[in-house]
Amino acid sequence: TDFRFDAEGPDVSAVSVLAGFGLPAESFQIHGQLVRLEGGIGIQGVEAVVGPAVAKVDGILGDPPGYAGTDLQVAAQGPNLVSFSELAGVALPALPFEIAGRLAPEGDSITLENVSARLGPNSARVEGTVGAVAGFIGTDVHLSIEGPDLSWLEGPTGFSDLPRKPYRVEGGLAVERTGYRLDGINAIVGEVTAKVDGRVGPLPDLAGTNIQIVAEGPDFSIPASLAGAAGVPPDPFRIEGGLRMANGSFELEGVQARVGGARATVSGRIAATSDLVGTELTIDAAGPDASDFGSLLRQTSLPSAPFALSGGVEIGATGYRLSSVVLELAGNRATIDGTVVPSETLSGTDLQLELTAPDLGDLGHLVSQTGLVDLPELPREPFSIAGGVTIDNDGYSLKSVEGTLGAATARVDGRLGFPPGFVGTDLAVHGDGPNASLFTAVTGVSVPVAPFRVNGRVERLDEGVRFHDLRVQLGEYRAQADGRLGELPKLIGTDFDM
């Protein structure tokens, strides 16, 4: 084969359908010669001009799959890379570009000579050798990329608000039969540094991956912005640990993080599946202000208070298993054990809960800060509640739920139907205390300062409420109710002794 070609036209996008990919709406000229040689194709004087952009290629392209014998001189430049966005399939930056270099044969490899690229004020260089065998095994290159800021990546990556700070990335990459070796990959953005060493296993399962990561700097908002989180406090930070791929999961080894005065340790494994089933993690974290991490967790209404979190979580096929999860917030403490099923009604959830608060009023203020619920002014008394909760399609089963408020105590067993009607409720209630007025804020009804006692059973039926020997004492007053009270306003079906 000895093929000469010469083509031109006013709009290269007209041939997009034939080419199978998008081309810019620019005039074009292309000419050159292709000659079939033993072991490759000779490329002689190939030049393509698309609008103001020019590309030139001369030399020999070796036969696939290894392209052994390749010897090419390549050069391309243009005033605006954005013209090729449709071809690339992403939004490219509106910056001038330039690419140049030589690929020269050297034994069983291809040597990269003076291979460089420039995009506006950003530059890149690659040196080393490319393995001229299938899979490019034997490749060993060193690369460096630098520029005045990362904003040019916002279009291609889809990220926004990337740091407007100088950056540099450099290090070594080798292709081996068992995957890819990363040699001292160092990245610097502003004053933030990161280093990665280790191996990345081959696709698709990345088996054999084992890398170590260290990142630190004076401003955590920089790496947070790379993860798409804005509004994170610019506190000093350090993150380090290992990531290993084994048995279809990413195993976290000694992953530790410090941000400002907060710290966290995470261990366990993350299943490499879309639903994360099989993930098992243990976390231990604490810090002076939970609200600092609201934007990072996509929850902007976290209260401003000291916090601590510890425990384990497992992701199963039907839900989440929580093991001794303890959350402390401004002196309030919640402990959770059991299973959470993520459905609309949470049916199948089975939890053992314990909550203690030194001041119920303060706890109410913290909850109101989240914006999830607007609580009234609650009594400024010590509070606790503990027991089991199981959720099914008809409501909640309460198992030995015991609570205290100041010197008052209560115990509830049975079922609680779903709001708003609470049909299906069947609760045995026992409670007493020295001051019933504590419940004024909770009920909205003015309750006198007096000792109280409640004992009995209440059912919520389809058409009313049934009382089973319900006894109420308030100070020196006593009441007893037994029977059925029909629905308001007509009270039809009422058969009630009081």
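This text walks through the chain from its overall form to single residues.

The model is predicted: local features need pLDDT of at least 70, side-chain atom pairs count only at pLDDT 80 or more, and totals for chains, interfaces and linings use all residues. Residues are numbered from 1 along each chain as its sequence is written, and side-chain values use heavy atoms, with hydrogens and water left out.

Start with the whole chain. It holds six helices and 29 strands. Both are DSSP runs numbered from the N terminus: helices are H or I with at least four residues, strands are E with at least two. The radius of gyration is 34 Å, well over the 23 Å that the globule rule gives for 498 residues, so the chain is more spread out than a compact globule. That radius is taken over C-alpha atoms, and the rule is 2.2 Å times the number of residues to the power 0.38. Along the principal axes, the C-alpha atoms fill a box of roughly 110 × 45 × 40 Å.

Next come burial and surface. Of the 498 residues, 31% are buried. Buried means under 20% relative accessible area, exposed means over 50%, and partly exposed lies in between (1.4 Å probe, protein chains only). The accessible surface comes to about 27,600 Å². Carbon and sulfur atoms account for 59% of that surface. These areas come from the Shrake-Rupley method with a 1.4 Å probe; for residues, only the protein chains shown count as cover.

Contact means heavy atoms within 4.5 Å. Among contacts with a separation of 6 or more, 33% join residues 24 or more positions apart. The chain has 33 positive and 64 negative charges, and their mean positions are 5 Å apart. Lys and Arg count as positive, Asp and Glu as negative; His and the chain ends are not counted. Each charge is placed at NZ of Lys, CZ of Arg, CG of Asp or CD of Glu.

The largest nonpolar core has 20 residues. Such a core is a set of buried Ala, Val, Leu, Ile, Met, Phe, Trp, Tyr and Cys residues joined through side-chain atoms within 4.5 Å. Phe220, Phe237 and Leu329 have the most contacts inside the largest core. Leaving aside neighbours within four places in sequence, Leu329 is in contact with Ala290, Pro303, Ala305, Pro306, Phe307 and Leu366.

Lys56 sits in strand β4. It is partly exposed, at 44% relative accessibility. Beyond four places in sequence, Lys56 contacts Val46, Glu47, Gln73, Val74 and Ala75. The C-alpha atoms of Lys56 and Ala75 are separated by 5.3 Å, although the two residues are 19 apart along the chain.

Val214 belongs to strand β13 (residues 210-217). Its relative accessibility is 31%, so it counts as partly exposed. Not counting residues up to four places away, Val214 touches Thr193, Ala194, Lys195, Arg238, Ile239 and Glu240. Val373 is 159 residues from Val214 in sequence and 40 Å away in space, C-alpha to C-alpha.

Glu402 is in strand β23 (residues 395-405). At 42% relative accessibility, Glu402 is partly exposed. Again setting aside residues up to four places away, Glu402 touches Ser384, Ile385, Ala386, Ala410 and Arg411. Gly45 and Glu402 are 357 residues apart in sequence and 87 Å apart in space, C-alpha to C-alpha.

Finally, the backbone. Most residues other than glycine have a negative phi, and most peptide bonds are trans.

The bond from Pro64 to Pro65 is cis, with omega near 10 degrees. Pro65 lies in the loop between β4 (53-62) and β5 (71-78). The bond from Pro419 to Pro420 is also cis, with omega near 10 degrees. Pro420 lies in the loop between β24 (408-417) and β25 (426-433).

Phe136 has a positive phi, near 55 degrees. It is found in the loop between β8 (122-131) and β9 (140-147). At 38% relative accessibility, Phe136 is partly exposed. Leu346 has a positive phi of about 65 degrees. Its place is the loop between β20 (332-340) and β21 (350-357). Leu346 is partly exposed, with a relative accessible area of 34%.
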